[in-house]
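My notes follow in the order I looked.

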Amino acid sequence: MDTDVGVIDLFSFGSDCASMDACFTAFDKNGDGKLDIEEFKLICRALFRNDKGKIYAIEDAKVREIFIVFDKNEDGYIDRDEFIFCWNHWIKIIVRPISVFLIVDVQNDFISGTLNISNCSAQQNGIEVIEPINRMLDTVDFDAVFYSLDWHPSDHVSFIDNISQREIHPSSPVTAENAQTYDTVIFSGPPPMKQRLWPKHCVQDTWGSELHKELKIVEGAIKVYKGTNPDVDSYSVFWDNKKLTDTTLCAQLRLKSATDIYICGLAYDVCVGATAVDALAIGYRTILLDDCSRGVDLLEIEKTKNTVINNNGVIVNSSQVKAMVEGRDRRPELGYKLALELKALST
C-alpha cells in the first residue's frame, strides 16, 4: 500500500483492526503515537474526495470542529484509543455507508390524476422522475429501498371538498365560503391548525393512490403509508404534520442500521422536502436527488434546497449516486454532519 499520505485514499483500507492500525500509522507522520490537527487534516484530504480522486475542499474551521469531537481528553491530539472511536463511528461509515433509497409519492394522482403537479405554478411534469429513478434501481446496489404513498381516507382534512366538515378558526385568513384550491386556512382544532387545501387525491385503494405503472418496484422493497389520519395531514414520510404519530419508517431504518438516505419523488417542495428536513433533524446523512424530483412552486423548491444545504445535507443528480453509495465519492458535508451527530450524542 502506498504510504505517501498525499495520495492515500481511505477507500483502500479494509474495515478490520489491522487496517485501522495501518491507517493510524500512515497518518502519524512524526511517529509520536498520536495525531495532531495537521495530521488530521491529511486524513480529511484522503477521506473527502470523489471517485476520480479529486479532493473536496473543507474549511479549516470545520476540520478543527470535527477534530475536537474525537479529541476526547482535550489534549490537542487524537491518540490511538481515541482513534478507535473515530475509525469505528466516523471513518468506516463515510467509507462504507449503509444507504437506503426513499422514493416519495410517485403516485398516479400527482402525475396525471386529480393533483397533477404540472397544473401547479411550477408546471413541472411528475412523470419525468420515473426514468432516472428506474435507472438507479437497476444500477445502484442500495441496502434497502422504500416507497412512500399518500394514503388518505375520503374525509381527509386536506381536501377542499371537505372544508365544510370542520370548523374554521376566527383567525383564518380565508373563510370556508371563500376558500379556493391551494389556499391555506386555519381549522379550529383544538389546537388551531394551518392547512393547505388540495384537490381530493390519493384516496385509499383507488387508482389515484397507486404507484405509477412505469415505476419499477424492486423485490424486497418496503412501502410506507402516510396521511392515514383524517384529521391531520402528513407531508413527511417520517411524521404527520403535527408530529403526533410516526410512520413505520423510523423503525425500519433502525432495523437496517441505515446511515445515509437518498430522497426523491413528488412533490419536491412538499412531501420530498419535508421528508428530507426530518431525516436531517433525526440525524441521518441526507442526500436529495434533484433530477429525480419535481415540485409545485419554484420559489418553494429553492427554499427546500437552501434548507437542506444549510442543515448539512447535499443535493446531487442521479448520475452521482452510484459512486457515493459505493463509498468512492465521499462528501465533506456528510462527514461534517456525522461528526455533529456524534458530538450531540456525547454531550
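I took a disulfide as a pair of cysteine sulfur atoms within 2.5 Å. This is a predicted model, where local features need pLDDT of at least 70, side-chain atom pairs count only at pLDDT 80 or more, and totals for chains, interfaces and linings use all residues. Residues are numbered from 1 along each chain as its sequence is written, and side-chain values use heavy atoms, without hydrogens and water.

Cysteines. I searched the whole structure and found zero disulfides. Cys-23 is in none, and its nearest cysteine sulfur, in Cys-86, lies 8.2 Å away. I then checked Cys-292: its closest cysteine sulfur belongs to Cys-264 at 4.7 Å, which is too far for a bond. For burial I used relative accessible area (1.4 Å probe, protein chains only): buried is under 20%, exposed over 50%, partly exposed in between. Cys-23 has 0% relative accessibility, so I logged it as buried. Cys-292 is also at 0% and therefore buried.

Whole chain. I noted eleven helices and ten strands, taken as DSSP runs (H or I, at least four residues, for helices; E, at least two, for strands). The C-alpha trace spans about 75 × 40 × 35 Å along its principal axes. Of the 347 residues, 53% count as buried.

Contacts. With contact meaning heavy atoms within 4.5 Å, I looked at pairs at least 6 apart in sequence; 70% of these contacts join residues at least 24 apart.

Surface. The chain exposes about 15600 Å², and carbon and sulfur atoms supply 49% of that area, by the Shrake-Rupley method with a 1.4 Å probe.
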